[in-house]
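Please read the points below beside the sequence and the model.

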Amino acid sequence: MISAIRFFTQFLSSAATISLQLGKSAMKYIDEYRDERIAKALAREIAECITRPWVLMEICGGQTHTIMRYGLDELLPSQIELVHGPGCPVCVTPLETIDKAIALALRPDVTLVSYGDMLRVPGSNSDLFRAKAQGADVRLAYSPLEAVKIARANPDRKIVFLAIGFETTAPANAMTAWQAKREGLTNFSMLVSHVLVPPAIRALLASRENRVQGFIAPGHVCTVMGYQEYESLVREFAVPIVVGGFEPVDILEAVLMLVKQLECGKAQVENQYVRSVTYPGNQPAQEIMKKVFEIADQKWRGIGVIPRSGLRLRAEYATYDANKNFDLELISADEPAECISAQVLQGLRKPTDCPAFAIRCTPENPLGAPMVSAEGACAAYYHYRRHAVAS
Ligand code: SF4
């Protein structure tokens, strides 16, 4: 059965690629990754081969939302526990970075450019949305190069781009700094808070509290970075890692691949998301990242500093570092005591374990970032009604 399903999903992978090449009329093949019959067949096959409980983590918040939206956790046999990982960029951006962004936005000479989902992320006392309401010049961008365009058009203002995210957004953000340098812009800076997936998985596995026995690695990150970086983790911790996509059939197939490895005592890196991910990844994207950024220790919101888990601008690009240009290094802040997002992001607790969930913390009045972000686990549980509805 697995070989048939594997063949079918590989066929769909090729078909989807072809469909994208052919244009809109062939897009129907994307729907096949949401096909209920295939999803149920995969769930049955998982049930047939599982003999004991396993705890699996999907790293990416986009995968968490698919699991909640399609009820995949309820479709799987009860021996599978899915826990949710730290792969939501907005959720792991440190409180200090939000506070710095707000402080910058409130300066009369600064225009702060940000992705839209950062606006409602709570800082210590406020958020960018409220700062904007107070008169701060906060502008939304869909592409980081828009920030360069704003800088070019407004030479009398200081433009700061809030550059956050995983390896997925790092190449485009690197390209932005490269373009600013190329144009010789002197009124452009970046407040950088970039995080990397493999060091985060290493930190989770090295923790004495770790319960995770297999990982679904994030397909978008691996599209950029490939999956060679995961091989040392597999060898060192004897844990299987499967690169997974974002549709229900992708996730169920990744779970099946993990369960089959675990039941046989294997620990390998496998790639379920073959329609997008190659072993070496996107090398031009990696090159621009390396040209502009270097690896550095990085603080993760609620979790703390993880060694060598982030990116900072190289010395050649220091003139674009907002921390240096605006003397922001001394801002520090603590998380609200009530928010257990650190445990949620490490797979130790579920959003519904939080006493504030859906009571004092809602998308309209969030206490923590996972309730705001489109990739946050708390938002996923809230939107897909994994909580008692008050009568
Ligand atoms: S429900 Fe709100 S307060 Fe609780 S962990 Fe999630 S974001 Fe934090």
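**Notes on the predicted model**

1. Asn 271 is buried, at a relative accessible area of 9%; buried means under 20% relative accessible area, exposed over 50%, and partly exposed in between, with a 1.4 Å probe and protein chains only. Asn 271 belongs to strand 9, residues 269–271. Helices (H or I, at least four residues) and strands (E, at least two) are DSSP runs, numbered from the N terminus.

2. This is a predicted model, in which local features need pLDDT of at least 70 and side-chain atom pairs count only at pLDDT 80 or more, while totals for chains, interfaces and linings use all residues. Residues are numbered from 1 along each chain as its sequence is written, and side-chain values use heavy atoms, with hydrogens and water left out.

3. Which backbone atom of Tyr 273 lies 3.0 Å from a polar atom of the side chain of Asn 271? The backbone nitrogen of Tyr 273 does. A polar atom of the Asn 271 side chain also lies 2.9 Å from the backbone oxygen of Val 277.

4. The disulfide count comes to one, where a disulfide is a pair of cysteine sulfur atoms within 2.5 Å. Cys 88 and Cys 91 are the joined residues, with an S to S distance of 2.2 Å. The torsion about their S-S bond is about 70°, so the disulfide is right-handed. Cys 88 is buried at 2% relative accessible area, and Cys 91 is buried at 1%.

5. Among the buried residues are Glu 96, Asp 99 and Lys 100, along with Leu 95, Ile 98 and Leu 104.

6. The ligand takes up the space of the largest cavity. On a 1 Å grid over the protein atoms alone, a cavity is a set of points where a 1.4 Å probe fits but cannot get out. Residues surrounding the ligand include Cys 339, Ser 341, Cys 354, Phe 357, Cys 361, Gly 368 and Cys 378; a residue is near a molecule if one of its heavy atoms lies within 4 Å of it.

7. How many residues of each class form the shell around the ligand? There are nine nonpolar, two polar and no charged residues. Ala, Val, Leu, Ile, Met, Phe, Trp, Tyr, Cys and Pro count as nonpolar, Asp, Glu, Lys and Arg as charged, and the others, Gly among them, as polar. Cys 354 counts as buried at 14% relative accessibility, as does Cys 378 at 11%.

How values were computed. Polar contact = N/O pair within 3.5 Å; in protein donor to acceptor, adjacent residues only side chain to side chain. 1 Å grid on protein atoms, 1.4 Å probe; cavity = no way out; pocket = protein on both sides within 12 Å on 5 of 7 lines; lining within 4 Å. Sits in = over half its atoms within 2 Å of the grid points.
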